[in-house]
Amino acid sequence: MAGAILILLLQCVFLCSCAASGKAEDIHAGDENIVMQDETIQGIQFAESESQNTLAEPSESSAAVTWGTQTVKGFVNDNALHSEIGDIHFSCYIPETYDGTSPYALFITLPGWEGLYFQGVGANMVEDFGPEAVKYNDKMIILSPQLDDWGKTSAEMTILLTEYFLRNYNIDPSRVYLEGFSGGGETGSLVMGIRPELYTAYLMVSSKWDGDLGVLADAKTPVYMAVGEEDSYYGSEPLKDAYKTLYGLYNEQGLSEDEINRLLVLDVKDQSWFSERGIGDQHGGGGAFAYEDSIMGWLFGENVR
């Protein structure tokens with residue numbers, strides 16, 4: 001009798017062990033399916049880029065993206081990268097031709113106050129820097145983050161979003177562009193004071209500089225500063241001061257005038273420029289810089305490393 005009981009106990013242990021093993025395999029297979037669904041979202045197979053430095057290496061679970069469904073001006077809105085410092089909401093434009101087999105450029109455009117996330121999903125699309133950029137390169141992925149403010153956390157989120165796409169898409173690291181308008185320009189300047197080497201060039205529009213100019217000077221990332229002479233919110237003096245400081249830092253490094261001019265541009269527009277375009281307010285009217293070939297062309301055409 002005791003022997004029969006022992007045999008039954010051994011059979012139970014064996015069956016439970018098999019069931020547990022089978023359950024673990026099922027869970028593992030489920031995880032693989034989840035990852036594959038994320039990697040092939042919108043019919044795109046992501047390509048890894050191993051050459052990028054990272055601000056932080058999020059775990060796979062903390063770096064998953066929830067993709068939105070609302071489309072405006074060709075951009076899919078309310079995507080969210082779930083990072084360790086919070087959800088990073090963004091709109092994105094991925095050309096239909098992208099299949100991961102060849103490297104594409106990457107452009108990140110940071111909207112002003114009216115385009116922040118609390119203003120509503122897609123509020124950032126009132127600015128046309130993203131949609132206009134499509135015209136300059138048909139092999140370029142474009143992102144427009146909807147952040148919460150124009151401070152340090154938003155700058156770190158911008159960097160994390162950039163790095164996520166550099167790691168998970170086939171991106172040409174010599175063609176990674178950044179633009180910021182108004183408060184987004186302040187965020188962009190902070191990015192330039194933290195990880196300027198990630199970007200090929202930075203366009204700053206109708207804003208003021210908050211970032212570390214010394215870090216930017218060491219990296220020598222080209223910057224174009226565009227502002228109205230009488231910008232109704234910032235004025236033009238903050239960017240003029242930043243230009244003078246950065247110019248001086250480059251001078252101290254022994255750069256020639258021609259070398260500095262290739263790295264640094266200050267473009268101050270007077271009221272006549274805005275009036276010709278039917279614009280009264282020079283600050284809000286800074287959005288019109290998106291339509292200027294001389295400015296957008298500088299960003300995308302003049303500064304390939």
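# Salt bridges, cores and a pocket

Me: What is the relative accessible area of E229?

Reply: E229 has a relative accessible area of 34%, which makes the residue partly exposed. The classes are buried under 20% relative accessible area, exposed over 50% and partly exposed in between, with a 1.4 Å probe and protein chains only. This is a predicted model, so local features need pLDDT of at least 70 and side-chain atom pairs count only at pLDDT 80 or more, while totals for chains, interfaces and linings use all residues. Residues are numbered from 1 along each chain as its sequence is written, and side-chain values use heavy atoms, with hydrogens and water left out.

Me: Fine. Which residue does E229 form a salt bridge with?

Reply: K240, with 2.8 Å between the closest N and O atoms. E229 is in the loop between β9 (223-228) and α6 (237-252), K240 is in helix α6, and the pair, 11 residues apart, links distant parts of the chain. A salt bridge here is a side-chain nitrogen of Lys or Arg within 4 Å of a carboxyl oxygen of Asp or Glu. Helices (H or I, at least four residues) and strands (E, at least two) are DSSP runs, numbered from the N terminus.

Me: And K240, buried or exposed?

Reply: Buried, at 18% relative accessibility. K240 also forms a salt bridge with E237, where the closest N and O atoms are 3.7 Å apart.

Me: How many residues apart are E237 and K240?

Reply: They are 3 residues apart in helix α6, so about one helical turn separates them. E237 counts as partly exposed, at 43% relative accessibility.

Me: How many salt bridges does the count come to?

Reply: 13 by this rule. One of them joins the side chains of R195 and E163, at 2.9 Å from N to O. R195 sits in the loop between α4 (183-192) and β8 (201-205) and E163 in helix α3 (residues 152-168); the two are 32 residues apart, and the pair links distant parts of the chain.

Me: R195 and E163, buried or exposed?

Reply: Both are buried. A network of salt bridges links E163, R195 and E197.

Me: Changing topic. Which residues touch the most other members in the largest nonpolar core?

Reply: F90, I141, L143, F165, Y199 and W209, in a core of 52 residues. Helix α3 supplies the largest share of this core, 8 residues. Another core, of 27 residues, lies apart from it, with F75, M125, Y177 and A201 among its members. A nonpolar core is a set of buried Ala, Val, Leu, Ile, Met, Phe, Trp, Tyr and Cys residues joined through side-chain atoms within 4.5 Å.

Me: What share of the protein do buried residues make up?

Reply: 52% of the 305 residues. The protein has 9 helices and 10 strands. Among contacts (heavy atoms within 4.5 Å) between residues at least 6 apart in sequence, 66% join residues at least 24 apart.

Me: What about pockets? How much space is in the second largest pocket?

Reply: About 280 Å³. The lining has 15 residues, of which G112, W113, E114, F181 and S182 are the closest to the centre. By type, the lining divides into 6 nonpolar, 6 polar and 3 charged residues.

Me: What counts as a pocket?

Reply: An open set of points on a 1 Å grid over the protein atoms alone where a 1.4 Å probe fits, with protein on both sides within 12 Å along at least five of seven lines; lining residues have an atom within 4 Å of a point. Grid points are joined across faces, edges and corners, and the volume is the space filled by probe spheres set on the points. For the residue types, Ala, Val, Leu, Ile, Met, Phe, Trp, Tyr, Cys and Pro are nonpolar, Asp, Glu, Lys and Arg are charged, and the others, Gly among them, are polar.

Me: Next, D212. Where is D212?

Reply: In the loop between β8 and α5 (213-219). D212 is partly exposed, at 41% relative accessibility. Leaving out residues up to four places away in sequence, D212 touches M192 and G193. D212 and G193 are 19 residues apart in sequence, with 4.3 Å from C-alpha to C-alpha.

Me: Last one, E132. Which residues does E132 touch?

Reply: A290, Y291 and M296, not counting residues up to four places away in sequence. E132 lies in helix α2 (residues 129-133) and is buried, with a relative accessible area of 13%.
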